[in-house]
Every structure is written in structure tokens, then in C-alpha cells.
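Visitor: I am new to this protein. Please show me how to read it, one feature at a time.

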Amino acid sequence: MERHSTDAERPGGRSASAVGEGRTGWARLALLALVASVLIPFVAAGLRSVLWVLVGIAGLALAAVGVWWTLAHTGVVRMAGVGLCVTAPVAVLALYAASGMLVPAILALALWILATAAARVATAPGHLPSVGDPEPAEAPRHPWVLMNPRSGGGKVGRFDLVDKARAAGARVVLLGAGGQDPAELARQAVAEGADLLAVAGGDGTQALVAEVAARHDLPFLVIPAGTRNHFALDLGLDRDDPAAALDALAGGVELRVDLGFAAHRVFVNNASFGTYAAVVGEPAYREGKVHTILRTLPGLLTDPDAPRLRLRAGDVRADGLQALLVSNNPYLRAVDSNRPGRRERLDSGLLGVLCVRVDNTAQAAGMVRGSRSASLLRLAAKEAVVEADTDTVPAGIDGEHVELPAPVVCRIAPGALRIRVPRDRPGGPPHRSGADWPRVTRLALGPPAAGRRRSRPTA
């Protein structure tokens with residue numbers, strides 16, 4: 001007897017129908033939690049619940065004003081800003097507690113968080129590779145690895161990366177403290193016959209060597225031995241076990257990813273212009289980051305003579321900008337506390353552009369609207385031109401401070417870099433942060449039997 005079924009079996013023994021039923025369940029949970037998050041304050045306060053929502057929004061707006069005063073001013077105004085950051089949310093909570101709305105508000109917030117999380121699970125893609133489908137790759141015969149022993153608080157030594165790389169057949173070069181140029185070392189390695197370039201270090205060093213690899217069409221291996229390793233994160237590598245990346249030398253797979261350019265400089269993550277780049281360029285920044293930020297930001301944000309930037313990207317024009325971030329592929333959100341600096345793809349062939357302009361207290365309060373704020377501009381483009389009224393523009397290229405001649409043309413090179421990664425990577429691409437409520441509703445209210453139809457067994 002032969003059994004036929006219309007369901008496609010999934011890895012792990014889960015069928016398409018089982019997956020569909022799971023999504024339906026999560027979608028229904030999301031809708032129920034969302035409705036409950038609205039009903040609880042309404043039952044507790046009736047139409048006055050709208051007033052309490054407005055009170056909460058007002059508290060957030062006042063806190064945003066406090067942050068603006070703290071960063072953009074000095075003296076008494078700064079102290080008032082610090083006080084407002086603390087007192088605004090405390091006052092809102094006190095009002096909620098005195099009116100018996102604190103518990104309903106907390107329950108409503110918890111249910112809203114649950115609804116959003118369930119909606120993301122219901123609409124999450126079953127498989128969405130962040131950088132395309134990997135292709136099998138032959139093991140390199142002469143791999144070369146540049147390691148920075150100081151990166152990440154000494155991860156190279158802590159994870160015994162030198163001996164492990166040499167045991168895997170790689171030639172290892174240690175980056176000293178004498179101002180060596182990583183790109184020049186990589187070019188020398190290519191001239192000596194290296195057929196794979198790798199870096200165990202921060203994103204700035206990764207970018208310099210990646211440019212050499214792309215120029216010679218050689219595979220590039222990322223070993224996440226830096227502090228943050230944003231590039232490795234979006235490649236799905238294990239940042240807690242840098243040595244695992246060395247598995248790609250024996251039996252890895254290859255991906256094609258984009259590279260960003262700011263003038264002549266390559267970046268794997270982003271190039272920042274404006275206030276952040278100016279602060280990072282301060283000599284005292286490395287020794288005292290918070291003190292340097294508080295000392296320099298007021299002049300950069302509120303001084304009428306402070307430098308401002310202009311942007312040209314396709315048909316879009318923006319001026320008077322205080323900060324501008326150009327990324328190698330767009331980030332998921334302008335601000336995402338759960339997944340800061342995450343990109344859904346690294347092969348879209350587009351730059352992500354984020355512009356910020358906050359000139360006064362009212363605009364600072366409007367920042368609570370997030371991406372809908374008039375002070376934020378987000379777009380995707382193949383090319384973006386950063387203009388200034390000065391001959392040069394300070395920039396942070398993957399965290400490294402440089403001065404670039406103005407105007408700065410930022411562009412993307414699609415598929416320019418061959419990336420070698422292990423066959424098994426623990427990380428996956430991030431799911432989109434926003435919940436797709438129309439799709440959630442369709443899933444939750446769809447036919448219960450859909451996806452459970454099976455053909456009858458036939459003899």
C-alpha cells in the first residue's frame with residue numbers, strides 16, 4: 001500500500017500543515033492579546049482611558065525634551081533636563097497609581113508586548129537567508145589570517161586563535177602597535193600567494209582587508225574577535241565563539257555580499273557623518289567618552305555656526321542635518337533596542353540612509369513618534385552624496401575616524417565580496433521588527449481546516 005499526501009514534509013518532521021496550524025495559533029494569540037490590551041484600560045476607566053493614554057504619551061514627550069536639554073545645553077538648562085528625564089516618567093506613574101490605573105496600565109502594556117511578539121512569530125519567514133543561498137567552496141591551500149591581539153579585550157589570546165588557525169593550515173600575522181597598515185599587509189600576502197584572506201579583529205580592520213579581498217576576487221573570512229562585531233552578527237556567526245569561524249577553512253560555504261564605499265573608503269557596516277563623527281574625532285574621546293560627549297554636543301547641536309550637512313539621494317534633498325548615517329544595506333529600524341544595528345540582508349544592492357535634524361525643544365518632543373517623526377528621514381538608495389560648507393567632512397568609517405574631502409559620494413558595490421563562512425552558523429537573519437497586522441488577521445480568521453486537507457490513502 002502506498003501513501004500519498006499533499007503536505008510537504010519539513011526538516012525535523014514537521015509538515016507544511018503543522019507549520020500552518022502553528023502560525024494560525026500564534027496569530028490568534030496575537031489578536032486576543034491585542035484586543036485585551038485595549039479592553040483592560042477601557043473597562044477600568046471607560047472613555048477616560050483615552051485621557052490616560054495621552055498622559056503617558058505626554059510623559060514620554062517630556063522625557064525626550066529632558067534628553068534634548070541634557071545633550072544640547074549646559075549649566076542650569078542641562079540640570080533641568082536631567083531632572084525632567086527622571087521626574088516626567090515618575091510623575092506619570094504616580095498619577096496612574098493615585099487613580100488606580102497603574103495595574104491596568106501595566107497589564108495592558110504586557111499584553112501589547114505579548115501581542116507584538118506573537119504577531120512576529122506568526123508572520124516570521126520560514127527561511128530567509130540574509131545573504132543569499134550559500135555555495136559549496138573548496139578548502140583554500142594558502143589561507144592568510146591577520147589577527148589583532150588587542151581587539152575585543154584580548155579575544156585572540158583568550159580563545160587561543162593563533163594556535164587554532166595555524167593548526168587549520170593558515171599563516172597567521174599579528175597586528176602590532178606600531179601603526180601597521182592592515183591593507184598593505186593584506187596586499188603583501190596576496191603577492192606572496194594567499195588564496196584566502198581573513199581577519200580576527202574589529203569591523204574597521206575587517207573593512208580594510210575586505211577591500212583587498214574584493215579587489216583581487218579572493219574569499220574573505222570573518223573571525224569575530226572585536227568588541228561588537230556587527231558584520232559577523234549579520235553573517236550569522238557565533239560572536240561568543242570566534243574560533244568556530246575557523247571551521248570554514250576545512251569545509252565552508254561561500255556567499256556574495258555587498259560593500260559600501262564612502263569616497264575611497266570601504267565600509268562593511270556604515271559610514272557616519274555629523275555629530276557622532278565629530279565627537280569620535282575628539283582626541284579625548286577614547287579616554288573619557290561620556291565627558292567628551294557632554295562637553296562637545298551642545299556646540300554641535302545648538303551653535304548657529306555649527307557645521308550642518310546636506311544630502312542628495314536620487315530625487316531626495318535634505319539640508320541642515322546634524323547627523324547622517326549611510327549603511328551597507330538598510331537597517332531594520334532607526335531605533336531597535338532588541339536588535340540594534342541589525343540588517344535583514346547584506347545583498348540588496350542598496351544603501352540605507354538615516355538623517356537626523358533636531359533644532360528645538362518641540363522637535364525633540366516629536367521624536368517619540370519614532371520613524372514617523374519629522375526630525376528623522378529614512379530611505380534606501382544606490383548612491384548618496386553628503387555635502388558640507390567645508391573642504392573636508394569628519395566621518396566614522398566602521399568606527400574609525402577619518403577626514404574625507406567634500407562632497408562625499410557614498411555608493412554600494414553589489415556582490416563585490418566573497419564571504420567564506422562555516423556550513424553551520426548559529427545565527428540567523430533578523431525578522432522584521434514591525435508586526436504585519438493585516439496578515440496576522442488573515443491568518444487568525446482564515447478557514448480552520450485550511451492546510452489540514454490530506455488526500456486519502458490509495459492502494
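The dialogue below takes the features in turn.

Visitor: What kind of model is this, and how are residues numbered?

Guide: This is a predicted model: local features need pLDDT of at least 70, side-chain atom pairs count only at pLDDT 80 or more, and totals for chains, interfaces and linings use all residues. Residues are numbered from 1 along each chain as its sequence is written, and side-chain values use heavy atoms, with hydrogens and water left out.

Visitor: What is the mean pLDDT of the protein?

Guide: First, the term: pLDDT is the predictor's confidence in each residue, from 0 to 100. Here the mean is 82. Of the residues, 80% reach 70 or more.

Visitor: Where is the pLDDT below 50?

Guide: One stretch is residues 1–16. Beyond near neighbours in sequence, this stretch has 26 contacts in the model (contact means heavy atoms within 4.5 Å). Another is residues 449–459, with 19 such contacts. Where pLDDT is low, the predicted coordinates should not be read in detail.

Visitor: How many helices and strands are there?

Guide: Both are DSSP runs, numbered from the N terminus: helices are H or I with at least four residues, strands are E with at least two. The protein has 14 helices and 17 strands. Among contacts with a separation of 6 or more, 73% link residues 24 or more positions apart.

Visitor: How many residues does helix H4 have, and how far does it reach?

Guide: The expected span of a helix is 1.5 Å times one less than its number of residues. Helix H4 covers residues 102–123 and has 22 residues. From first C-alpha to last it reaches 32 Å, close to the 32 Å expected.

Visitor: Which residues of H4 are buried?

Guide: Buried means under 20% relative accessible area, exposed over 50%, and partly exposed in between (1.4 Å probe, protein chains only). In H4 the buried residues include Pro104, Leu111, Thr116 and Thr123. Several alanines are on the list too, among them Ala108 and Ala115. Across the 459 residues of the protein, 45% count as buried.

Visitor: Is threonine 205 buried or exposed?

Guide: Threonine 205 is buried, at 13% relative accessible area. Helix H8, residues 203–215, holds threonine 205. Leaving aside neighbours within four places in sequence, threonine 205 touches Leu146, Pro182 and Val199.

Visitor: What about the surface?

Guide: Accessible areas come from the Shrake-Rupley method with a 1.4 Å probe; for residues, only the protein chains shown count as cover. The protein exposes about 23300 Å², and carbon and sulfur atoms supply 59% of it.

Visitor: Which residues form a nonpolar patch on the surface?

Guide: Patches are made of residues with over 30% relative accessible area and no salt bridge: like charges are joined within 9 Å, nonpolar side chains (Val, Leu, Ile, Met, Phe, Trp, Tyr) within 5 Å. Here Val35, Leu39, Phe42, Val43 and Leu47 form a nonpolar patch, with about 540 Å² of accessible area together. Phenylalanine 42 lies in helix H1, residues 16–45. Phenylalanine 42 is partly exposed, at 42%.

Visitor: How many salt bridges are there?

Guide: Side chains of opposite charge can pair when their charged atoms come close. A salt bridge is a side-chain nitrogen of Lys or Arg within 4 Å of a carboxyl oxygen of Asp or Glu. By this rule the count is 13.

Visitor: Which residue does arginine 256 pair with?

Guide: Arginine 256 pairs with aspartate 217, with the closest N and O atoms 3.2 Å apart. Arginine 256 lies in strand E6 (252–262) and aspartate 217 in the loop between H8 and strand E5 (219–224), so the pair ties together parts 39 residues apart in sequence. Arginine 256 is partly exposed, at 39%.

Visitor: Which residue meets aspartate 347 in a salt bridge?

Guide: Arginine 345, at 2.8 Å, N to O. Salt bridges that share partners also join Arg310, Arg312, Glu387 and Asp389 into one network.

Visitor: Where is the cis peptide bond?

Guide: The cis bond joins alanine 406 and proline 407, with omega about -10 degrees. Proline 407 lies in the loop between strand E16 (400–405) and strand E17 (408–422).
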